[in-house]
Amino acid sequence: MKKRGVLALTGMKGEDTMHCAALSIRGKVRELGSDLLPRLFEKNPYMNEIYPDAASRSALTVFVIYKGSGERFDLSQKPIERSSFTFGGAEEVQEGYFITHACIGCKICYSKCPQKCIDISSKPAVIHQENCLHCGNCFEICPARAIMKRR
């Protein structure tokens, strides 16, 4: 973190991957030092058991993620739920796949979508990003090459 100045982390809550909610954050970090450690230990008393004395705490420091982006997933829902966010003035970057006007309406993309999040009632079909896994199955199967990857 010190060398590159970036961090990515993911937290999950649930019994297993397909029945959990997750939050992923990635962004720029900077070191704040050890002055905030007493406050962290006060808010997280269990840390006193892990780092019982000054010698064990000497390697600790505090970082802040000050600019970046993240995603919230809920894999326990069918179809999955997904949303993105930015903070600290980071520019929002669109990810995933979208369907262009080259769509021929064959509906093969829908048949390969594990979430069935492609609306095939119009042409071009539309991928509902809030339910998309970004797996690329639709992209790989499209005979018209009408599906494009963002980014």
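What percentage of the 151 residues in the protein is buried? Buried residues make up 28% of them. The model is predicted. The protein has five helices and eight strands. Its radius of gyration is 21 Å, well over the 15 Å that the globule rule gives for 151 residues, so the protein is more spread out than a compact globule.

**Overall shape and surface**

- Along the principal axes, the C-alpha atoms fill a box of roughly 65 × 30 × 20 Å.

**Order of elements and contacts**

- In sequence order, the pattern is β-β-α-α-α-β-β-β-α-β-β-α-β.
- Among contacts with a separation of 6 or more, 56% link residues 24 or more positions apart.

- Strand E1 covers residues 6–14 and strand E2 covers residues 20–33. The two run antiparallel and are joined by nine bridges.
- The hairpin between E1 and E2 passes through five residues.
- E2 also runs antiparallel to E3, with 12 bridges joining them.
- Strand E3 (residues 62–74) pairs in turn with strand E4 (residues 81–87). This pairing is antiparallel too, over seven bridges.
- A hairpin of six residues connects E3 to E4.

**Residues that face each other across the strands**

- Gly 27 in E2 stands opposite Leu 7. Gly 27 also stands opposite Gly 68 in E3.
- Further along, Phe 73 is placed opposite Arg 82 in E4.
- In a regular strand, side chains alternate between the two faces of the sheet.

- Where does Pro 124 lie? Pro 124 is in the loop between strand E6 (118–119) and strand E7 (126–127).
- Is Pro 124 buried or exposed? Pro 124 is buried, because its relative accessible area is 15% and the cut-off for buried is under 20%.
- Which residues does Pro 124 contact, leaving aside neighbours within four places in sequence? They are Ile 99, Thr 100, His 101 and Cys 103.
- Ser 69 is 55 residues from Pro 124 along the chain. The C-alpha atoms of Ser 69 and Pro 124 are separated by 30 Å.

Technical notes
Residues are numbered from 1 along each chain as its sequence is written. This is a predicted model: local features need pLDDT of at least 70, side-chain atom pairs count only at pLDDT 80 or more; totals for chains, interfaces and linings use all residues. Side-chain values use heavy atoms; hydrogens and water are left out. Helices (H or I, at least four residues) and strands (E, at least two) are DSSP runs, numbered from the N terminus. The radius of gyration is taken over C-alpha atoms; the globule rule is 2.2 Å times the number of residues to the power 0.38. Buried means under 20% relative accessible area, exposed over 50%, partly exposed in between (1.4 Å probe, protein chains only). Contact means heavy atoms within 4.5 Å. Two strands pair if DSSP finds at least two bridges between them.
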